[in-house]
Amino acid sequence: MFNEKRILEALMERSGVYADIYIDERAYTLIQLESGRVEKLERGEDAGVGLRVITPWKSYYASTNSFDESHLADLAGQLSRYGGDRAEGAAGIAGGEQESAYPFSIGSDPGGVAVEDKLVLVKNFDSLVRGMERRITQVRVMYRDTRQNVRIATTSEGIKNDSRMQVVLTVLLVGRDGGGMQTSYEAVGGFYGFDLFTGELMEGLAQRTVKRLQGLLAAREAPRGMKTVVLASEAGGTMIHEAIGHGLEADLAMEGLSCYKGLLGSEIASPLVSVVDDATLPHMRGTYAFDDEGVPSERTVLVEKGVLKNYLFDRFHAMKHSMASTGNGRRESYRFRPIPRMSNTMILPGGDDPEKIVASVDDGVLVVKMGGGQVDTVRGDFVFEISEGYIIEKGTVGPMIKNATMMGNGLKVLRDIDMVGTDLGFGIGTCGKDGQGVPVADAQPTLRIPGIIVGGRGG
């Protein structure tokens, strides 16, 4: 290993106010089964170093696969020179080293599981779903595990070491009945070992995915118009993540690219709504001990009883705006600079019975699962696909709908929420931003939102 202090000193040689070294080593397995055939089987390792120096207020970043000290010192020197003239008083380099400690175990390390056993898992699942529904025309099953060790050396807080684990299995089904074709998608995973994939879990995953496909093949066209929408907890918080969460990331919120800019301390939501981002939750996909800048993970209250309390900060934007980092500086790998990102983001449960929320609606739509969508963080406008939705008529859940979308404005939705359930449901994903993806989870209770536009082809 190279001399980290020497590299940090080279980064800070001129006008730097902060510098860090990000060392990333990972191993992964990826299996993709397409229509019963193995289309991808990858086992790989990747390792590299990211160097960064911050000057008021620019960030200079470089990455390399080389661990050679002279090469890294030259690279650090180049970055330092981009920052301008030599500073009068050089900042010190903090000492000390800290290891990550998680209050939960991961069980069976996927790295110790034979590839043959992972293939059996994927192939058995393919056979399981095909045996449940004859109208399935295509099955795509993807398995991935990742073991990552990161080491972050910083000028301000010494060295932090974090060891992370991720396993994910996704399934996409395509079915056809007559001239109509529909798709159904599900994913499970998180900060677990291979033992997550029990027979019971796989059976439940297969049943949920197939049941949704069967419902869509028999569904009626979605109605159009302004509707009361009930977002079930099973929807997993996609709306809070996309329509609200991104707008609370400091690079957008502090730089005028979010509808939440300048609203700290203001009432932006219904008093029933509280929102947190919590990277400390056991086994969640967005969980870590230290972020990718060496800041300890935390539970950050973003909205408390309708009042905006904080944004999600990385080091750069925290320093620039004289705030504290919330431990949300994240990056896909050593090839990318860290930026503010969500971890596990959720609306907290309220006091309403989920069944009574549904029963309170005369004419509306129950959304059980949401699909892809688009969000304008400046205006707050969003549009999402409804992957699984049902008509609500006089408090009773009716037929399933298809080809539905949901359109609204994040700020208006937050203010309009008038019932919040006692339940809580999680979803997982990989969040994309600025060309890089990071693992995240999101969650919400059952929510009632009056007056959202539902788009469809029905009357």
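**Salt bridges and overall fold**

Mentor: The side chains of Arg-335 and Asp-46 form a salt bridge, at 2.8 Å from N to O. A salt bridge here is a side-chain nitrogen of Lys or Arg within 4 Å of a carboxyl oxygen of Asp or Glu. The model is predicted: local features need pLDDT of at least 70, side-chain atom pairs count only at pLDDT 80 or more, and totals for chains, interfaces and linings use all residues. Residues are numbered from 1 along each chain as its sequence is written, and side-chain values use heavy atoms, with hydrogens and water left out.

Trainee: Where do Arg-335 and Asp-46 lie in the chain?

Mentor: The salt bridge between Arg-335 and Asp-46 links distant parts of the chain, 289 residues apart. Arg-335 is in the loop between strand E13 (329-330) and strand E14 (339-340), while Asp-46 is in strand E2 (residues 37-55). Helices (H or I, at least four residues) and strands (E, at least two) are DSSP runs, numbered from the N terminus.

Trainee: Is Arg-335 buried, partly exposed or exposed, and what are the cut-offs?

Mentor: Arg-335 counts as partly exposed because its relative accessibility is 44%. Buried means under 20% relative accessible area, exposed over 50%, and partly exposed in between, with a 1.4 Å probe and protein chains only.

Trainee: What about Glu-133 and Arg-135?

Mentor: Their side chains meet in a salt bridge, at 2.9 Å from N to O. Glu-133 counts as buried, as its relative accessibility is 8%, and Arg-135 counts as buried at 19%.

Trainee: Which residue pairs with Lys-320?

Mentor: Lys-320 forms a salt bridge with Glu-255, with the closest N and O atoms 3.2 Å apart. Lys-320 lies in helix H7 (residues 315-320) and Glu-255 in the loop between helix H6 (250-253) and strand E10 (275-278), so the pair ties together parts that are 65 residues apart in sequence. Lys-320 is partly exposed at 31% relative accessibility, and Glu-255 is partly exposed with a relative accessible area of 33%. Elsewhere, salt bridges that share partners join Glu-4, Glu-97 and Arg-151 into one network.

Trainee: How many salt bridges does the structure hold?

Mentor: There are 27 salt bridges in the structure.

Trainee: Changing topic, where is Arg-212, and what does it touch?

Mentor: Arg-212 is in helix H4 (residues 199-217) and counts as buried, at 5% relative accessibility. Leaving aside residues up to four places away in sequence, Arg-212 touches Ser-184, Tyr-185, Glu-186, Lys-369, Ser-387, Glu-388 and Met-400. Contact means heavy atoms within 4.5 Å.

Trainee: Now the whole protein: how many helices and strands are there?

Mentor: The protein has 9 helices and 23 strands. Of the contacts with a separation of 6 or more, 73% are between residues 24 or more positions apart.

Trainee: What is the radius of gyration of the protein, and what would a compact globule have?

Mentor: The protein has 24 Å; with 459 residues, a compact globule would have a radius of gyration near 23 Å, which agrees. The radius is taken over C-alpha atoms, and the globule rule is 2.2 Å times the number of residues to the power 0.38. The C-alpha trace spans about 70 × 55 × 35 Å along its principal axes.

Trainee: What share of the residues is buried?

Mentor: Of the 459 residues, 55% count as buried.
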